[in-house]
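Please have a look at it first.

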Amino acid sequence: MKPINSNWFVRARLKNRHIPLLVALGDTGNLNRAAEGLGISQPAISKLLKELEDGLGVALFDRHARGVVPTIYGETMIRQARRLQSTLDNAYSEVDALRQGQQGHVRIGTILTPCADLLPEVVSRAKRRFPNLEMTIRTGSSRDLMAILDDGELDFLVARFFANSQQHDLHFEPLAKEPLRICGRTGLVNGALSRAQMNAADWVLPPTGSVLRQEFDALFQRVGMRPPTKVVNAENLLMVTTLVEKNDMLTVLPRDVLAHYARYGMLVEIEVDSSIDIDLNQGLMAFGIITKDQRLLSPAAHNVLELLRDVARQIIPAPVAYQNAPG
């Protein structure tokens, strides 16, 4: 790094008042009109100009009876002063936009279901209202996302809250449950599946330990059956849907996620006995908004969080009750 006293503007004693002075003289070509525009006296503007010329060691303007005309040095300084003034104006605009939450970077963690309708609408509204806002959306399991939020790498989550977690400073606002549905490719199954048929089928399922897998396995355990053994474990949604599309395999997805794929004819809901549908969703946990300390959120994150709440109120009928909500 160069010592500060090696910079030319330090040697020339350049002051912040010299920048608007150069721009005003370039615009008016007259000391009196420039002084009037800047709200200072004509002697004061003459003194500022002399200071700048002495510091640079060149004449910036030729004086005439009707005003001043820039020299080649003056033209250069006027051009650069305009550029610098524009840069400083832009810098203020950026700082003000950040302060108002119109610009910045918002990082959201989410489970699958909000990716179908809720978050796309939030992003759409955010981009219309704050076009310069950068957003990152990270998907994963609720437990993993809560750990990432606790580390400060995400601003807030749309996920399930686990009351036995160690993060006691998290706040949970329940939104809805996400009903699960059995699905497969078109034409794979005719008629309603029984538990025995489901147990014998080939499946693509999320890994053991995930909430969705726990719900699926419990479907069989409640009636004393072992869960299916012909299982491909896959966490990536593209891999899950591709395997089901191209093979005689079944999977279980949140209802709203399945609805997205069904609109394009990629997957269909598989009919099951009514008791199976009830059992599959019996212990379902609600998902909602999880925040750590909202006082530490950036203005941009606050704005998007409020947008999320507004959209949720409009597209989710009514928040579910949550008996053990923290905070």
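This is a predicted model: local features need pLDDT of at least 70, side-chain atom pairs count only at pLDDT 80 or more; totals for chains, interfaces and linings use all residues.

Which residues lie nearest the centre of the largest pocket? They are Leu-112, Gly-140, Ser-141, Pro-206 and Glu-235, out of 28 residues that line this pocket. Residues are numbered from 1 along each chain as its sequence is written, and side-chain values use heavy atoms, with hydrogens and water left out.

By pocket I mean, on a 1 Å grid over the protein atoms alone, an open set of points with protein on both sides within 12 Å along at least five of seven lines, whereas a cavity is a set of points where a 1.4 Å probe fits but cannot get out; lining residues have an atom within 4 Å of a point. The largest pocket has a volume of about 600 Å³, a volume being the space filled by probe spheres set on the points, which are joined across faces, edges and corners. Strand β10, residues 250-254, is among the elements that each supply at least two lining residues, and β10 gives the most, with four. Helices (H or I, at least four residues) and strands (E, at least two) are DSSP runs, numbered from the N terminus.

The second largest pocket holds about 250 Å³ of space, and of its 16 lining residues, Ala-176, Arg-255, Asp-256, Phe-287 and Ile-316 lie nearest the centre. Here β6 gives the most to the lining, with three residues.

What about enclosed space? The whole structure has one cavity of 30 Å³ or more, and the volume of the largest cavity is about 40 Å³. Its lining includes Leu-180, Arg-181, Glu-269 and Asp-277.

Let me finish with Ala-159, which sits in strand β5, residues 156-160. Is this residue buried or exposed? Ala-159 is buried, because its relative accessible area is 0%, and buried means under 20%, exposed over 50% and partly exposed in between, with a 1.4 Å probe and protein chains only. Not counting residues up to four places away in sequence, Ala-159 touches several residues, including Ile-111, Phe-172 and Phe-287, where contact means heavy atoms within 4.5 Å. Ala-159 and Phe-287 are 128 residues apart in sequence, yet 4.9 Å apart in space, C-alpha to C-alpha.
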